[in-house]
Amino acid sequence: MFYSSVQNNKIKELGKLNTKKYRDKTGLFLVEGEHLIVEAYNSGYLKEVLLLEGNSISLDVKVNYVSESVMKFLSSLDTPTNMIGVCHKKENEIKGDKLLVLDDVQDPGNLGTIIRSSVAFNIDTIILSEKCVDIYSPKVLRASQGMVFHINFVICSLAETLMMLKNDEYQVLGTRVTSGNDLKSLEKKKKFAIIMGNEGNGVRQTLLDLCDEYIYIKMNQNCESLNVAVATSIILYELDK
């Protein structure tokens, strides 16, 4: 099928997937570029591909061709790619012993980097608060470099979930710049959940009150704090040892 007009009903519906509200409603989202499309395909989440006329792709998936004007309409990039994938959202639950909890992380680049580090350092599930930046937003997907397809994640009320985890004998760890234990001296348990906070406000006190232990990254006193994605990456590296 070839779509040349942005007024086509299917194209208008797909264009709405650039909003969180419609992604939540339909359970679908868009990815742009061959790398993300291949990652989605290999993980079993790719529904179909929209190709700029004159291009091709060697995947066993439904393909529709579109005009340049349609590609520009659907793309979130200043310079659109020549292919867009339509993907099913993941349906995940909390799995595994090594959990990362994110409290209202707002920056798409930070979340994308955290996802990549979580995959690199063997986190089993990422638990996101309901006010975190949308994990399916185009900027997060690009920043994750497709690693979003390689990890479990859930979006939920953190306080209730942490209480459940504590009852299930997970060690709940919070991050503090002061009054915490040096990360390298931490005696970690097999099952743990590490909480990382919002870029400006850190972890909410109500969640810190649920922690079994607090940790911090020892560093030069000239540096007051680290970016949340950098701090998370360092902590996950140490916890993976």
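Two strands pair if DSSP finds at least two bridges between them. Strands (E, at least two residues) and helices (H or I, at least four) are DSSP runs, numbered from the N terminus. The model is predicted, so local features need pLDDT of at least 70 and side-chain atom pairs pLDDT 80 or more, while totals for chains, interfaces and linings use all residues. Residues count from 1 along each chain as its sequence is written, and side-chain values use heavy atoms, without hydrogens and water.

Start at Val101, which stands opposite Ile127 in S7. Strand S6 (residues 98–102) and strand S7 (residues 125–128) pair in the parallel sense, over four bridges. Both belong to an open sheet of seven strands, ordered S8-S7-S6-S11-S9-S12-S10, with parallel pairing. Its edge strands, S8 (152–155) and S10 (181–182), each pair on one side only. H5 packs on this sheet and touches S6 and S7 (contact: heavy atoms within 4.5 Å); its direction makes about 175° with that of S6.

Now follow H5 to its helix partner. H5 (residues 108–120) packs with H9 (residues 228–239) at about 10°, axes 9 Å apart. Axes are lines fitted to C-alpha atoms, for helices over the stretch in contact, and angles run from 0 to 180 degrees between N-to-C directions. H5 and H9 are therefore roughly parallel; that label covers angles under 35 degrees. H5 contributes Asn110, Thr113, Ile114, Ser117 and Ser118, and H9 contributes Val228, Ala229, Thr232, Ser233 and Leu236.

A second sheet remains. This open sheet of five strands has the order S1-S4-S3-S5-S2, with mixed pairing. Five bridges join S3 (residues 46–52) to S4 (residues 62–66), in parallel. Leu51 stands opposite Tyr65 in S4.

Methods:
Angles under 35 degrees count as roughly parallel, over 145 as roughly antiparallel, 65 to 115 as roughly perpendicular and the rest as oblique.
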